[in-house]
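Thanks for coming. I will go through a few helices and the loops that follow them, and I will keep it short.

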Amino acid sequence: MKVLNYITCTNILLKKLGVVDSDICSFCNLSREEIEHMIFTCSVSQNFWNDFKWYWYCNTKETILLSLKDIIVGVLAGNGNDFLNYCILVGKSVIYHCKRNNRKPSLQSFKLLLCKKYHTELYIAQKNNILHIFHKKWKFKP
Ligand SMILES: [Zn+2]
């Protein structure tokens, strides 16, 4: 995943830079912290994405499968995946934020961040009189 190297600071890069002593994953302490591992294949991240899929199902009644590719570049197949891709971006942001703060990513952290974004965008949409665009984007209220 050359695309994300040097943008996302994994422990592999931080060790090369002399910032940390170990390149082992901050979540599981088992594997090297490759980007793919941190955001997807790590058991901790897998738990997060499983919770995310359940949350998505509860709010949309849509069953989704998420591959590494879907997490990295977004869900490409089908129409109307913009909001799902937005939520995946928020999920990746939660994983990275939790890694930096030595916490495990949780659905609760995700819901909190999504809720903040919802209220910020609602405020902006009301101010600019573009609520129709806001309601088109947000498939459900978090
Ligand atoms: Zn791990």
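Start with helix α6: the face turned away from its buried side carries exposed residues, namely Q108, C115, K116, H119, Y123, Q126 and K127. Helices are DSSP runs of H or I with at least four residues, numbered from the N terminus. A residue is buried if 20 or more other C-beta atoms lie within 10 Å of its own, exposed if 12 or fewer, and partly exposed in between, with C-beta atoms placed from the backbone.

A word on where this comes from. This is a predicted model, in which local features need pLDDT of at least 70, side-chain atom pairs count only at pLDDT 80 or more, and totals for chains, interfaces and linings use all residues. Residues are numbered from 1 along each chain as its sequence is written.

Back to α6. Which of its residues are buried? They are S109, F110 and L114. These cover an arc of only 125° around the axis, which puts them on the same side of α6; the arc is that of the directions from the helix axis to the C-beta atoms. The buried residues of α6 pack against α3 and α5, where contact means C-beta atoms, placed from the backbone, within 7 Å. As for length, α6 has 21 residues and reaches 30 Å from first C-alpha to last, close to the 30 Å expected at 1.5 Å a residue. The expected span is 1.5 Å times one less than the number of residues.

Now α3, residues 43-60. Its 18 residues should span 26 Å at 1.5 Å a residue, and the end C-alpha atoms are 25 Å apart, which agrees. Buried in α3 are S45, F48, F52 and W56. Their arc is only 80° around the axis, so they sit on the same side of α3. An α-helix has 3.6 residues a turn, so residues three or four places apart point the same way. What covers the buried residues of α3 includes α2 (35-41), α5 (82-100) and α6 (107-127). On the other side of α3, N50, W54, Y57 and C58 are exposed.

Last, the backbone angles. Most residues other than glycine have a negative phi. Just after α3, K61 takes a positive phi of about 65°. N102, in the loop between α5 and α6, has a positive phi of about 55° although it is not a glycine. N102 counts as exposed because it has 8 C-beta neighbours inside 10 Å.

Where does N129 lie? It is in the loop between α6 and α7 (131-137), and its phi is also positive, near 55°.

How values were computed
Helices (H or I, at least four residues) and strands (E, at least two) are DSSP runs, numbered from the N terminus. Two residues are in contact if their C-beta atoms, placed from the backbone, lie within 7 Å.
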